[in-house]
Amino acid sequence: MPEGGQGGQSSTRQQAWAGQHVCVAGLGVSGVSAARALLGLGASVTVVDGGEGERLRERADELEKEGAAVRLGAADTLPEGTTLVVTSPGWKPDSPLFTAAARAGVEVWGDVELAWRLRGPDAAPWLAITGTNGKTTTVQMLASILTAAGLRTAAIGNVGTPVLDVVLSGEHYDVLALELSSYQLHWAPSVRAHSAAVLNLAPDHLDWHGSMEAYAADKGRVYEGNEVACVYNVEDPATEDLVREAEVVEGCRAIGFTLGTPAVSQLGVVEGILVDRAFTDRRQTEAQELAEVSDVKPPAPHNIANALAAAALARAFGVPPAAVRDGLRAFRPDAHRIATVATVDGITYVDDSKATNTHAAAASLASYRHVVWIAGGLAKGATFDELVQGARGRLRAAVLIGADRQLIHDALTRHAPDVPVVELDRTDTEAMAAAVQAATRLAQPGDTVLLAPACASMDMFANYGKRGDAFAAAVTAMEA
């Protein structure tokens with residue numbers, strides 16, 4: 001397939017893509033971005049999507065005005081003459097469209113793969129982050145650190161801004177911080193990062209990948225071809241296993257991060273200080289101070305781990321210690337990520353609606369001593385026994401909401417039978433207010449009422465943000 005860089009190579013690149021017939025799968029944000037990029041390159045573009053809603057029709061109308069053909073409600077058939085398929089991340093590998101492409105000998109790329117192949121010869125290197133949880137926070141921390149070092153950068157990818165939009169923008173960057181999901185990595189076989197990190201691995205999206213082994217293998221693609229550092233989580237040995245299996249540039253190092261005292265070639269924590277024993281000349285005998293734990297907001301254990309991973313990638317790129325400190329101090333997490341809403345009568349209310357799986361909820365629960373836990377929603381095939389077993393010593397009580405609340409109730413019955421449980425059998429707009437009121441009645445001064453649902457939100461709310469907003473509104477109304 002044609003490739004090409006930016007700048008003065010623009011006309012050559014357009015000549016290479018002229019006459020190519022590209023099928024773009026999906027009319028979401030990344031699909032629209034890919035379609036527009038390909039149209040700009042001179043390719044003939046057909047966009048397919050199985051949906052037919054009003055918003056999709058609006059996007060289709062916009063793209064058709066720009067020269068694309070759009071097929072809504074018909075996503076299984078490969079358009080005649082297709083020479084390449086560019087897919088949005090969420091499309092499953094066994095989708096009929098991809099089966100048809102394989103039969104026709106047509107390659108399938110993701111939007112990240114397309115962006116990689118369109119990079120110019122002087123394009124900014126990529127620092128890539130993946131993992132089951134913490135990706136967005138870590139990539140934003142990394143961008144904050146890089147900015148503090150005086151580097152022109154952007155946090156892009158699964159974090160919100162499509163990679164293609166930045167690569168083709170014509171803007172000059174010194175380095176890019178990328179969040180890559182397992183979906184994106186599955187369709188990005190050629191991507192080669194300067195350095196990359198896998199933050200953690202826990203069962204997630206197994207309905208898409210087919211197995212935990214396939215999910216981990218797609219996460220591990222982020223290490224392929226790394227030049228300077230493969231950053232792994234010392235407390236999660238599966239991430240180090242992925243480093244061992246990766247083919248990297250000679251001289252690339254394995255760099256661990258840990259919440260404990262670091263060994264050589266690791267970053268860790270010593271007496272409340274984040275330290276580096278990987279990128280210092282005297283790492284055999286000394287550790288370089290980077291920042292204080294109090295510089296990380298919030299200083300929950302899993303967030304400190306995120307900060308160490310971001311620091312490791314920044315240090316791999318040559319960022320000085322002072323910039324790590326300044327970048328972490330400047331960073332503020334997005335909403336609904338272990339955010340304190342209020343403290344009322346000695347009870348603290350925390351919104352971690354982004355904890356949409358059991359691994360994230362476990363990290364959130366581990367951050368507090370005594371918790372009244374608000375949980376439930378769509379389980380996505382998850383089980384809750386291990387989560388409850390790990391958290392039972394911290395649970396004052398639990399308030400359960402949502403379609404799959406019974407699964408959590410059953411796990412509590414098996415593993416924490418002494419924990420009081422309130423189960424709310426309602427899905428109306430006031431359900432969260434009722435949950436907050438119930439949790440408040442169960443809480444004692446010094447406790448934390450924690451929304452860490454361990455489930456997706458779409459049974460009751462449009463997204464996890466709306467769920468968190470409802471929690472915060474309920475707390476604010478109660479406080480008033």
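**Cysteines, sheet and backbone**

Guide: The sulfur of Cys 230 has its closest cysteine sulfur in Cys 252, 3.8 Å away, which is too far for a bond. A disulfide here is a pair of cysteine sulfur atoms within 2.5 Å.

Visitor: What kind of model is this, and how are the residues numbered?

Guide: It is a predicted model: local features need pLDDT of at least 70, side-chain atom pairs count only at pLDDT 80 or more, and totals for chains, interfaces and linings use all residues. Residues are numbered from 1 along each chain as its sequence is written, and side-chain values use heavy atoms, with hydrogens and water left out.

Visitor: New topic. In what order do the strands of the open sheet run?

Guide: The order is 15-16-20-17-18-19, six strands with mixed pairing. Strands and helices are DSSP runs numbered from the N terminus: E of at least two residues for strands, H or I of at least four for helices. Two strands pair if DSSP finds at least two bridges between them.

Visitor: Which strands stand at the edges?

Guide: Strand 15 and strand 19 (421-423). Each has a single partner strand, so one side of each is left without a neighbour in the sheet.

Visitor: What about strand 16, residues 347-351: how many of its residues are buried?

Guide: Five of the five, so strand 16 is largely enclosed by the rest of the structure.

Visitor: Which residues sit on which side?

Guide: Ile 347, Tyr 349 and Asp 351 are on one side, Thr 348 and Val 350 on the other. In a regular strand, side chains alternate between the two faces of the sheet.

Visitor: In which sense does strand 16 pair with strand 15?

Guide: Antiparallel, over five bridges, with strand 15 spanning residues 339-344. Thr 343 has Thr 348 as its bridge partner.

Visitor: Where is the cis peptide bond?

Guide: Between Lys 297 and Pro 298, with omega about -15 degrees. Pro 298 lies in the loop between strand 14 (288-292) and helix 12 (301-316).

Visitor: What is phi at Ser 265?

Guide: Near 70 degrees, a positive value in a residue other than glycine. Ser 265 lies in the loop between strand 11 (253-257) and strand 12 (266-270). Ser 265 is buried, at 19% relative accessible area.

Visitor: And Ala 454, where is that found?

Guide: In the loop between strand 20 and helix 18 (464-479). Ala 454 has a positive phi of about 65 degrees, although it is not a glycine. Its relative accessible area is 1%, so Ala 454 counts as buried.

Methods
Buried < 20%, exposed > 50% of the residue type's maximum accessible area, 1.4 Å probe, protein only.
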